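Subject: Handover of a structure

Dear colleague,

I am passing this structure on to you, together with some notes on what turned up in it. Please have it open beside this message while you read.

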Amino acid sequence: MRFEICGSRMESLPVTTKNDNHRKGVRSKGIQTSSSSSSSSSSSSKSSLIMAFFSCVAWLYVAGRLWQDAENRNLLTTLLNNNSAQRPKVLTVDDKLMLLGCRDLERKIVEAEMELTLAKSQGYLKGHPHQNRRLLAVIGVYTGFGSRLKRNVFRGSWMPRGEEALKKLEERGVVIRFVIGRSPNRGDSLDRNIDEENRSTKDFMILEGHEEAQEELPKKAKIFFSTAVRNWDADFYVKVDDGIDIDLEGLIELLERRRGQDGAYIGCMKSGQVIAEEGKQWYEPEWWKFGDERTYFRHAAGSLVILSKNLAQYININSVSLKTYAFDDTSLGSWMMGIQATYIDDSHLCCGSIKQDKVCSTA
């Protein structure tokens, strides 16, 4: 009885066989395998992202370094070029020869310019083909816009009248021209009247670069001698005021005796007091340059001054740098002091004296 009950109980209890246990083990292993594979795949994707991030960072770093290196190279190249330009260069023998050749060429250019200036002053000018021989003298008679009456008096007395008479005098070696500048108001009636008078008389030297005014007389002397020596080849160049009469034959004779004398500064030599009081006649604004005695240096009176050709050439070449004072005669005298000029004090040229054999007189 008990046996049966136990037997029935035993039959009703579940029986676990070996196959069941095997299936359970397989299922449990499958569960474990799927969970482990899902976790490993998520771990690999995270690793890929991390590696990609680090790769980007590394690429950016490398690119930045390359860009910085390129900037540094450019900076170093610039500094090297600047330093090399500032460093003294070692000249080769060829470089030194080239440098010496350039200096020699520069010297030759200067010499050629001086020879050209000399050729121009000797008459080799366009528009002056008739100047084949040297003249005795070029005489410039200073005049002004209001001096037409004086000019007409001169033309009827010591100065030849008319173009034909002037040409005959030039054949003897003497050129005479009235010397005048331009009006401060260029092209006005003053300029037009002079141009009209010159068309009929042909006896003017019009200084286009000079403004005609009393205070501009020292500059007029520079421009006159420079223009005359450029246009005519003569032994002497003579400046005459329009307030004197000339014994033309006596002047020609005097110049003939002096012909061939270089460096001649000829005139009625004088000195005189320097006027320092403003407002007085002959006031010299730069009086303080003449010393405590306030006396002018020796110079030719301005009414009639004669320069030999080489002195006129000197004025022409150095006109830009020549200092002018209040008056033309003292300015001209100051230019002669700095060179080897021969001062010739000729009493025949003292126009205000009572000497009988003088070649000029006050008009």
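Helices α9 and α10 are roughly perpendicular to each other, a word used here for angles of 65 to 115 degrees, where under 35 counts as roughly parallel, over 145 as roughly antiparallel and the rest as oblique. The axes of α9 (residues 309-318) and α10 cross at roughly 100° and come within 11 Å; such axes are lines fitted to C-alpha atoms, for helices over the stretch in contact, with angles that run from 0 to 180 degrees between N-to-C directions. On the α9 side L311, Y314 and I315 meet L332, W335 and M336 of α10, where contact means heavy atoms within 4.5 Å. The residues of this contact of α9 with α10 divide into six nonpolar, no polar and no charged, if Ala, Val, Leu, Ile, Met, Phe, Trp, Tyr, Cys and Pro are taken as nonpolar, Asp, Glu, Lys and Arg as charged, and the others, Gly among them, as polar.

Before going further, please note that this is a predicted model, in which local features need pLDDT of at least 70 and side-chain atom pairs count only at pLDDT 80 or more, while totals for chains, interfaces and linings use all residues. Residues are numbered from 1 along each chain as its sequence is written, and side-chain values use heavy atoms, with hydrogens and water left out.

The chain holds 10 helices and nine strands, which are DSSP runs numbered from the N terminus (helices H or I, at least four residues; strands E, at least two). Of its 363 residues, 37% count as buried, that is, under 20% relative accessible area, with exposed over 50% and partly exposed in between (1.4 Å probe, protein chains only). Among contacts between residues at least 6 apart in sequence, 76% join residues at least 24 apart.

Helix α4 (residues 148-156) and helix α6 (residues 189-201) pack at an angle of about 10°, with their axes 13 Å apart, and that makes α4 roughly parallel to α6. Here R148, R151 and R155 in α4 meet I194, E197 and T201 in α6, and the residues of the contact divide into one nonpolar, one polar and four charged.

Helix α8 (residues 248-258) has L248, G250, L251, I252, L254 and L255 as its buried residues. Their cover includes the strands β1 (135-142), β2 (174-182), β4 (234-240), β5 (244-246) and β7 (299-308), as well as helix α5 (163-171). Just after α8, G260 takes a positive phi of about 85°.

In the loop between β6 (264-270) and β7 you will find K289, which counts as partly exposed because its relative accessibility is 39%. K289 touches K323 and Y325, leaving aside residues up to four places away in sequence.

The largest pocket holds about 740 Å³ of space, a volume being the space filled by probe spheres set on the points, which are joined across faces, edges and corners. Of the 29 residues that line the largest pocket, Q214, L217, W282, F327 and D328 are the closest to its centre. The largest share of that lining, four residues, comes from β7, and by class the lining has 10 nonpolar, 10 polar and nine charged residues.

The second largest pocket has a volume of about 250 Å³, and 13 residues line it, with E170, R177, K202, D203 and W232 nearest its centre. Helix α5 gives the largest share of this second lining, four residues.

There is also one cavity of 30 Å³ or more, and the largest cavity has a volume of about 40 Å³. Its lining consists of Y142, A221, F225, K239, G302, V305, D328, D329 and L332, and α10 supplies the largest share, three residues.

With best regards

Conventions: On a 1 Å grid over the protein atoms alone, a cavity is a set of points where a 1.4 Å probe fits but cannot get out, and a pocket is an open set with protein on both sides within 12 Å along at least five of seven lines; lining residues have an atom within 4 Å of a point.
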